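Good morning, and thank you for coming. Please look at the model on the screen, and then I shall take you through it.

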Amino acid sequence: MISQIKEGLDFEQPHLEAIYEMFETYFSGRPFVSIADRKNDYTINPNLLKDTRYKNLLGIGVVCYSEASYNNALFEKTFFKGKFEPFYEMEACKEWALQLVEDFNKSN
């Protein structure tokens with residue numbers, strides 16, 4: 001799943017609930033990776049990354065377009081218990097995501 005958040009948004013719990021509804025609708029019972037395309041600047045409450053209720057989420061990839069965005073993603077990584085990686089290129093992020101799903105499928 002690739003998401004792009006609206007410019008200037010303060011991403012909080014209600015937004016996470018909406019994302020989880022999409023997870024349930026499109027990925028129920030299937031492993032997947034969430035990719036955040038950070039073309040726009042927005043703020044995310046890093047404590048939201050501690051939420052582990054969605055077990056099919058294998059990891060989060062973040063595509064960054066500036067060094068500041070990349071450094072923010074590195075900070076956010078410390079809050080997430082699973083796999084979380086920042087990237088500067090979408091294709092590299094997609095390859096990483098596909099590898100996570102492939103590795104999961106091989107082990108199960």
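Which helix gives the largest share of the lining of the largest pocket? It is helix H2 (residues 67-77), with five residues; helices (H or I, at least four residues) and strands (E, at least two) are DSSP runs, numbered from the N terminus.

Before going on, I note that this is a predicted model, in which local features need pLDDT of at least 70, side-chain atom pairs count only at pLDDT 80 or more, and totals for chains, interfaces and linings use all residues. Residues are numbered from 1 along each chain as its sequence is written, and side-chain values use heavy atoms, without hydrogens and water.

By class, the lining of that pocket has five nonpolar, four polar and three charged residues. Among them are Arg38, Asp41, Tyr42, Phe75 and Glu76.

I turn now to helix H3. Residues 90-107 form this helix of 18 residues. Met90, Cys93, Trp96, Ala97 and Leu100 are its buried residues, where buried means under 20% relative accessible area and exposed over 50% (1.4 Å probe, protein chains only). The buried residues of H3 pack against S1, S3 (32-37), S5 (57-63) and S6 (83-87).

Finally, Serine 3 is found in strand S1 (residues 2-3). Serine 3 is buried, at 16% relative accessible area, and touches Ile35, Ala36 and Asp37 (heavy atoms within 4.5 Å), not counting residues up to four places away in sequence.

Methods:
On a 1 Å grid over the protein atoms alone, a cavity is a set of points where a 1.4 Å probe fits but cannot get out, and a pocket is an open set with protein on both sides within 12 Å along at least five of seven lines; lining residues have an atom within 4 Å of a point. Ala, Val, Leu, Ile, Met, Phe, Trp, Tyr, Cys and Pro count as nonpolar, Asp, Glu, Lys and Arg as charged, and the others, Gly among them, as polar. The expected span of a helix is 1.5 Å times one less than its number of residues.
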